Amino acid sequence: MSVSDTAVAVAAVPAVAAVRPHSAPLVRDAVPADYPEIRGVIIAAYLQYTDLIARDVFSPYLADLLDLDTHARHGHLIVVEADGRIRGFGAFYPDASVQGFGWPPGWAGGRALAVHPGARGRGVARALIAATERLARESGAPVFAFHTASFMTDAIALYDRLGFRRAPEFDIDMAAHYGGTGTAPITALAYLRQLAPARAACA
(Lines give C-alpha, C1' and ligand atoms only; values in the text may rest on other atoms or scores of the structure.)
Protein backbone atom coordinates (compact mmCIF):
# COMPACT_ATOMS: atom_id res chain seq x y z
CA MET A 1 0.00 0.00 0.00
CA SER A 2 1.35 3.43 -0.90
CA VAL A 3 1.67 6.36 1.51
CA SER A 4 -1.33 8.04 -0.07
CA ASP A 5 -3.40 4.84 0.24
CA THR A 6 -2.49 4.62 3.93
CA ALA A 7 -3.55 8.22 4.48
CA VAL A 8 -6.92 7.53 2.85
CA ALA A 9 -7.40 4.42 4.98
CA VAL A 10 -6.65 6.31 8.20
CA ALA A 11 -8.96 9.14 7.19
CA ALA A 12 -11.75 6.63 6.58
CA VAL A 13 -11.70 5.42 10.19
CA PRO A 14 -14.44 7.17 12.19
CA ALA A 15 -13.07 9.69 14.69
CA VAL A 16 -14.84 7.95 17.59
CA ALA A 17 -12.76 4.84 16.99
CA ALA A 18 -9.53 6.76 17.47
CA VAL A 19 -10.42 7.92 21.00
CA ARG A 20 -11.26 5.41 23.69
CA PRO A 21 -13.13 7.16 26.51
CA HIS A 22 -12.14 6.34 30.08
CA SER A 23 -14.69 4.47 32.15
CA ALA A 24 -16.35 6.30 35.02
CA PRO A 25 -14.82 5.59 38.45
CA LEU A 26 -16.43 2.66 40.29
CA VAL A 27 -16.36 2.73 44.10
CA ARG A 28 -16.53 -0.60 45.91
CA ASP A 29 -15.46 -2.39 49.07
CA ALA A 30 -11.96 -3.84 49.01
CA VAL A 31 -11.32 -7.56 49.51
CA PRO A 32 -8.07 -9.28 50.55
CA ALA A 33 -7.39 -10.30 46.94
CA ASP A 34 -7.09 -6.56 46.16
CA TYR A 35 -4.26 -5.99 48.64
CA PRO A 36 -1.30 -6.37 46.26
CA GLU A 37 -2.84 -3.92 43.78
CA ILE A 38 -3.80 -1.51 46.58
CA ARG A 39 -0.24 -1.52 47.89
CA GLY A 40 1.00 -0.78 44.37
CA VAL A 41 -1.31 2.25 44.19
CA ILE A 42 -0.15 3.53 47.60
CA ILE A 43 3.51 3.19 46.69
CA ALA A 44 3.00 4.90 43.32
CA ALA A 45 1.07 7.74 44.97
CA TYR A 46 3.55 8.43 47.78
CA LEU A 47 6.93 7.84 46.15
CA GLN A 48 6.89 11.42 44.85
CA TYR A 49 7.42 12.60 48.43
CA THR A 50 10.59 10.60 49.19
CA ASP A 51 12.82 13.63 48.62
CA LEU A 52 10.70 15.82 50.88
CA ILE A 53 10.87 13.67 54.02
CA ALA A 54 13.84 12.26 55.92
CA ARG A 55 14.24 8.53 55.34
CA ASP A 56 13.82 7.68 59.03
CA VAL A 57 10.39 9.32 58.86
CA PHE A 58 9.29 8.29 55.36
CA SER A 59 9.96 4.56 55.86
CA PRO A 60 7.71 4.09 58.93
CA TYR A 61 5.17 6.50 57.41
CA LEU A 62 4.88 4.41 54.24
CA ALA A 63 4.82 1.17 56.25
CA ASP A 64 1.90 2.60 58.25
CA LEU A 65 0.00 3.46 55.08
CA LEU A 66 0.64 -0.02 53.66
CA ASP A 67 -0.57 -1.82 56.80
CA LEU A 68 -3.88 -2.88 55.29
CA ASP A 69 -4.50 -5.53 57.94
CA THR A 70 -4.58 -2.85 60.65
CA HIS A 71 -6.74 -0.56 58.53
CA ALA A 72 -9.17 -3.43 57.91
CA ARG A 73 -9.21 -4.46 61.58
CA HIS A 74 -10.24 -1.00 62.74
CA GLY A 75 -12.03 0.30 59.67
CA HIS A 76 -13.50 -0.23 56.25
CA LEU A 77 -11.37 -0.42 53.09
CA ILE A 78 -12.60 1.21 49.88
CA VAL A 79 -11.18 1.13 46.38
CA VAL A 80 -11.99 3.03 43.21
CA GLU A 81 -11.70 1.23 39.89
CA ALA A 82 -11.21 2.91 36.53
CA ASP A 83 -10.84 1.02 33.26
CA GLY A 84 -10.96 -2.25 35.17
CA ARG A 85 -8.02 -1.47 37.47
CA ILE A 86 -7.77 -0.18 41.02
CA ARG A 87 -6.72 3.45 40.77
CA GLY A 88 -7.58 4.72 44.23
CA PHE A 89 -7.74 3.56 47.84
CA GLY A 90 -8.89 4.89 51.19
CA ALA A 91 -9.67 3.55 54.65
CA PHE A 92 -12.69 4.67 56.68
CA TYR A 93 -12.39 4.54 60.46
CA PRO A 94 -15.70 4.73 62.37
CA ASP A 95 -13.66 5.72 65.46
CA ALA A 96 -10.72 7.83 64.36
CA SER A 97 -9.26 7.92 67.87
CA VAL A 98 -7.72 4.45 67.34
CA GLN A 99 -5.39 5.96 64.73
CA GLY A 100 -3.32 7.52 67.51
CA PHE A 101 -3.37 11.02 66.03
CA GLY A 102 -5.30 12.76 68.81
CA TRP A 103 -8.84 12.63 67.42
CA PRO A 104 -11.62 12.56 70.05
CA PRO A 105 -13.38 9.20 70.56
CA GLY A 106 -16.48 8.85 68.43
CA TRP A 107 -15.27 11.01 65.56
CA ALA A 108 -15.05 9.20 62.22
CA GLY A 109 -11.98 9.54 60.06
CA GLY A 110 -10.29 8.82 56.77
CA ARG A 111 -6.83 7.32 56.39
CA ALA A 112 -4.26 6.46 53.71
CA LEU A 113 -6.01 8.13 50.78
CA ALA A 114 -4.07 7.27 47.63
CA VAL A 115 -4.67 7.92 43.93
CA HIS A 116 -2.46 6.41 41.27
CA PRO A 117 -0.59 9.20 39.41
CA GLY A 118 -1.93 7.89 36.10
CA ALA A 119 -5.53 8.46 37.24
CA ARG A 120 -5.29 11.99 38.60
CA GLY A 121 -7.83 14.48 37.35
CA ARG A 122 -10.49 11.80 36.83
CA GLY A 123 -12.47 12.27 40.02
CA VAL A 124 -10.95 9.32 41.89
CA ALA A 125 -10.04 11.32 45.01
CA ARG A 126 -13.45 13.01 45.08
CA ALA A 127 -15.15 9.60 44.82
CA LEU A 128 -13.09 8.25 47.73
CA ILE A 129 -13.77 11.27 49.93
CA ALA A 130 -17.50 11.17 49.15
CA ALA A 131 -17.66 7.45 49.98
CA THR A 132 -15.86 7.80 53.32
CA GLU A 133 -17.89 10.84 54.29
CA ARG A 134 -21.10 8.95 53.43
CA LEU A 135 -20.02 6.09 55.72
CA ALA A 136 -19.31 8.62 58.47
CA ARG A 137 -22.80 10.09 58.15
CA GLU A 138 -24.39 6.65 58.13
CA SER A 139 -22.49 5.72 61.29
CA GLY A 140 -23.96 8.71 63.09
CA ALA A 141 -20.56 10.27 63.82
CA PRO A 142 -20.74 13.97 64.69
CA VAL A 143 -17.50 14.79 62.84
CA PHE A 144 -15.54 13.41 59.89
CA ALA A 145 -11.83 14.21 60.23
CA PHE A 146 -8.47 13.42 58.67
CA HIS A 147 -4.91 14.68 58.29
CA THR A 148 -2.90 15.56 55.22
CA ALA A 149 0.77 16.49 55.11
CA SER A 150 1.72 20.13 54.63
CA PHE A 151 3.69 19.27 51.47
CA MET A 152 0.68 17.65 49.75
CA THR A 153 -0.41 20.87 48.08
CA ASP A 154 -2.78 19.29 45.55
CA ALA A 155 -4.65 17.44 48.30
CA ILE A 156 -4.87 20.60 50.40
CA ALA A 157 -6.33 22.52 47.46
CA LEU A 158 -8.92 19.77 46.91
CA TYR A 159 -10.02 19.70 50.57
CA ASP A 160 -10.35 23.48 50.55
CA ARG A 161 -12.50 23.31 47.40
CA LEU A 162 -14.70 20.64 48.98
CA GLY A 163 -15.36 22.87 51.97
CA PHE A 164 -13.51 21.01 54.72
CA ARG A 165 -12.50 23.18 57.66
CA ARG A 166 -8.97 23.44 59.00
CA ALA A 167 -8.62 22.41 62.64
CA PRO A 168 -5.09 23.53 63.69
CA GLU A 169 -5.67 22.38 67.28
CA PHE A 170 -5.43 18.81 65.95
CA ASP A 171 -2.33 19.29 63.78
CA ILE A 172 0.48 16.86 64.57
CA ASP A 173 4.21 16.65 63.92
CA MET A 174 4.74 13.69 61.58
CA ALA A 175 8.46 13.61 62.27
CA ALA A 176 7.90 13.16 66.01
CA HIS A 177 5.03 10.71 65.49
CA TYR A 178 7.11 8.41 63.29
CA GLY A 179 10.21 8.58 65.44
CA GLY A 180 12.42 10.86 63.37
CA THR A 181 15.66 11.68 65.18
CA GLY A 182 16.98 15.21 64.81
CA THR A 183 14.49 15.83 62.03
CA ALA A 184 12.77 19.16 61.44
CA PRO A 185 9.04 19.13 62.24
CA ILE A 186 6.70 18.05 59.44
CA THR A 187 3.16 19.25 59.99
CA ALA A 188 0.21 17.00 59.30
CA LEU A 189 -2.69 19.40 58.78
CA ALA A 190 -6.01 18.51 60.40
CA TYR A 191 -9.22 18.90 58.43
CA LEU A 192 -12.78 18.14 59.47
CA ARG A 193 -16.43 18.53 58.65
CA GLN A 194 -19.27 18.73 61.16
CA LEU A 195 -21.92 16.16 60.23
CA ALA A 196 -25.63 15.84 60.78
CA PRO A 197 -26.59 12.28 61.70
CA ALA A 198 -28.03 10.28 58.81
CA ARG A 199 -31.82 10.09 58.85
CA ALA A 200 -33.33 6.74 59.66
CA ALA A 201 -35.20 5.11 56.79
CA CYS A 202 -38.96 5.37 56.97
CA ALA A 203 -40.76 2.14 57.83
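Predicted model: local features only at pLDDT ≥ 70, side-chain atom pairs only at ≥ 80, totals over all residues.
Trainee: How many helices and strands does the secondary structure come to?

Mentor: Start with the whole chain. The protein has 203 residues, and 41% of them are buried. Its secondary structure comes to 8 helices and 8 strands.

Trainee: What share of the accessible surface belongs to carbon and sulfur atoms?

Mentor: Take the total before the share. The accessible surface of the protein is about 10,700 Å². Carbon and sulfur atoms hold 59%.

Trainee: What percentage of the contacts with a separation of 6 or more comes from residues 24 or more positions apart?

Mentor: Phe89 and Arg28 show how sequence and space can part ways. They are 61 residues apart in sequence, yet their C-alpha atoms are 9.9 Å apart. Across the protein, for contacts with a separation of 6 or more, residues 24 or more positions apart account for 66%.

Trainee: Which element gives the largest nonpolar core its largest share?

Mentor: That core has 67 residues. Ile38, Ile42, Tyr46, Tyr61 and Phe89 touch the most other members. The largest share is 8 residues, and they come from α6.

Trainee: Which residues are in contact with Thr132, leaving aside its neighbours within four places in sequence?

Mentor: Thr132 sits in helix α6. Its relative accessible area is 7%, so it counts as buried. Leaving aside those sequence neighbours, its contacts are Ile78, Phe92 and Phe144.

Trainee: How far apart are the closest N and O atoms of Glu133 and Arg137?

Mentor: Both residues belong to helix α6, residues 124-139. They are separated by about one helical turn, because they are 4 residues apart in that helix. Glu133 is buried at 11% relative accessibility, while Arg137 is partly exposed at 29%. The two form a salt bridge, with the closest N and O atoms at 3.0 Å.

Trainee: Which residue is linked with Arg28 and Asp34 in a network of salt bridges?

Mentor: Side chains of opposite charge can pair when their charged atoms come close. Arg28 and Asp34 do pair, with their closest N and O atoms 2.8 Å apart. Arg28 is partly exposed at 24%, whereas Asp34 is buried at 9%. The network also takes in Glu81.

Trainee: Are Arg166 and Asp171 buried or partly exposed?

Mentor: Their side chains meet in a salt bridge, 2.9 Å from N to O. Arg166 has a relative accessible area of 27%, and Asp171 has 25%. Buried needs under 20% and exposed needs over 50%, so both residues are partly exposed.

Note on methods. Residues numbered from 1 in each chain as written. Heavy atoms only, no water. Salt bridge = Lys/Arg side-chain N within 4 Å of Asp/Glu carboxyl O. Buried < 20%, exposed > 50% of the residue type's maximum accessible area, 1.4 Å probe, protein only. Helix = DSSP H or I, 4+ residues; strand = E, 2+ residues; numbered from the N terminus. Contact = heavy atoms within 4.5 Å. Areas by Shrake-Rupley, 256 points an atom, 1.4 Å probe, with all protein chains shown as cover. Core = buried A, V, L, I, M, F, W, Y, C linked by side-chain atoms within 4.5 Å.
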